[in-house]
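Dear colleague,

I am handing over a structure for your study. Please look through it first, and then read the notes that follow.

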Amino acid sequence: MDILIRLLVAVGSALLVTAVVALVLHLVFRALGRRERWAASLSRRSRHATRTMLLVALLWVAFASTIPDTDRYPWRDAVSHVFLVATIGVGTWLACVLAVFLESLGLHKYRVDVPDNRVARRIRTQVLILRRLTVAVLVIIGVGAILLTFPGVEAAGASVLASAGLISVIAGLAAQSTLGNVFAGMQLAFSGSIRVDDVVVVEQQWGRIEEITLTYVVVHLWDDRRFVLPSTYFTSTPFENWTRTSSELLGAVEFDLDWRVSPAEMRTELDRILETSTIWDRRTKVLQVTDAVGGMVRVRILVTAPDAGGLFDLRCYVREEMVDWLQRTHPDALPVQRVQLAEPAAPARRRSRSSEGDASLFGEGDERAALFTGPIQTSDIRASDVPPER
């Protein structure tokens, strides 16, 4: 009974100390968070893991200091082993949280909401891949540490190592595609072929790289759909990356117009349209006649914008303004279809020499045939012309 009372007192003290320490840490990080942004982020991320780790450790200390290690309490070792496993598990959780925090802390220096964010997107992609690798390694270490606490695992280690060659071959064959995607994901992270927020065209679909994992890549399409592709797709299949070296892009707007169009006046109107636009980055503006066959004149306009979304909006704006200007001021330049009318051909002669030869051969020819195929000729017979019956 004495042991039970002391155990309850120790547990209560552990809970009280945990609450006091958690409150002190919260106040300290709250005060730091007013001046330092990282302190508020660390407190928010690690609050639950830190309190759980502190509680498990203090409860273990309270139990170990209250229950003596004697044969009278044979269940003491089992409970201590449970506390050890719990401490390792919670410690792994806390280590993962701290690793994620440290990796995220470096991302604050690299913003992706700026026009030229190529370096920031590359760093963010690599950090995200490293974060997943770090969490995976910590979890594997934690699981291995827990397994080593069980008796008999050390003895089984020799047999496991002896059969490691066979197991590795079997595992490699069974997880060939998975391992291929993992290595492809690591290659994508450090090769720089794609980065988070890159504008790509895959399978004739336009979108942005939203997420890169160890096994797959998520592409956010223009219509808010998500295109999920294996990592090996980007290492084995050609695709378009519009922001590989920079986010600035050049786009074309084409018109099929009539031959009466004036390219010089269109250039003047293009200058006016681009001067009123806030999307044009003032790098390129070109108007050229690229084709003039088939009854049409093809006019191509080249403009530039700081990113893919701005380029699409700028092309639409230039197209709309130019169409409106053509309709108002140069309706004769709108495309038309021309049709050439020719003189009707002279009618062919009704008879040819061959037909005349045929007529002489059979006698009256067409006139004789008309007696059989044409309408029957009848004559009017008066009643006086009919002889009387005898």
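**Findings**

Ser 80 lies in helix 3 (residues 76–107); helices (H or I, at least four residues) and strands (E, at least two) are DSSP runs, numbered from the N terminus. The model is a predicted one, in which local features need pLDDT of at least 70 and side-chain atom pairs count only at pLDDT 80 or more, while totals for chains, interfaces and linings use all residues. Residues are numbered from 1 along each chain as its sequence is written, and side-chain values use heavy atoms, with hydrogens and water left out.

Is Ser 80 buried or exposed? Ser 80 counts as buried because its relative accessibility is 14%; buried means under 20% relative accessible area, exposed over 50%, and partly exposed in between (1.4 Å probe, protein chains only). Leaving aside neighbours within four places in sequence, Ser 80 is in contact (heavy atoms within 4.5 Å) with Trp 60 and Phe 63.

The protein as a whole has 12 helices and 8 strands. Of its 390 residues, 28% count as buried. Among contacts between residues at least 6 apart in sequence, 65% join residues at least 24 apart. The protein exposes about 25,800 Å², of which carbon and sulfur atoms supply 61%; these areas come from the Shrake-Rupley method with a 1.4 Å probe, and for residues only the protein chains shown count as cover.

Next come the nonpolar cores. Such a core is a set of buried Ala, Val, Leu, Ile, Met, Phe, Trp, Tyr and Cys residues joined through side-chain atoms within 4.5 Å. The largest has 25 residues, of which Met 266, Ile 301 and Met 322 touch the most other members. At least two residues of this core are supplied by each of strand 6 (249–257), helix 9 (263–275), strand 8 (297–305) and helix 10 (308–329). Helix 10 gives the largest share, 7 residues. Apart from this core lies another, of 17 residues, including Val 196, Ile 209, Val 217 and Leu 229. Not counting residues up to four places away in sequence, Met 266 touches Leu 257, Val 261, Leu 287, Val 299, Met 322 and Trp 325.

Phe 227 lies in strand 4 (residues 226–230), and Gln 205 in strand 2 (residues 205–212). Phe 227 counts as partly exposed because its relative accessibility is 24%; Gln 205, at 23%, also counts as partly exposed. Beyond four places in sequence, Phe 227 touches Val 202, Glu 203, Gln 205, Val 217, Val 218, Val 219 and Leu 221. With the same exclusion, the contacts of Gln 205 are Val 200, Leu 221, Trp 222, Arg 225 and Phe 227. Phe 227 and Val 202 are 25 residues apart in sequence, and their C-alpha atoms are 9.1 Å apart.

Yours sincerely
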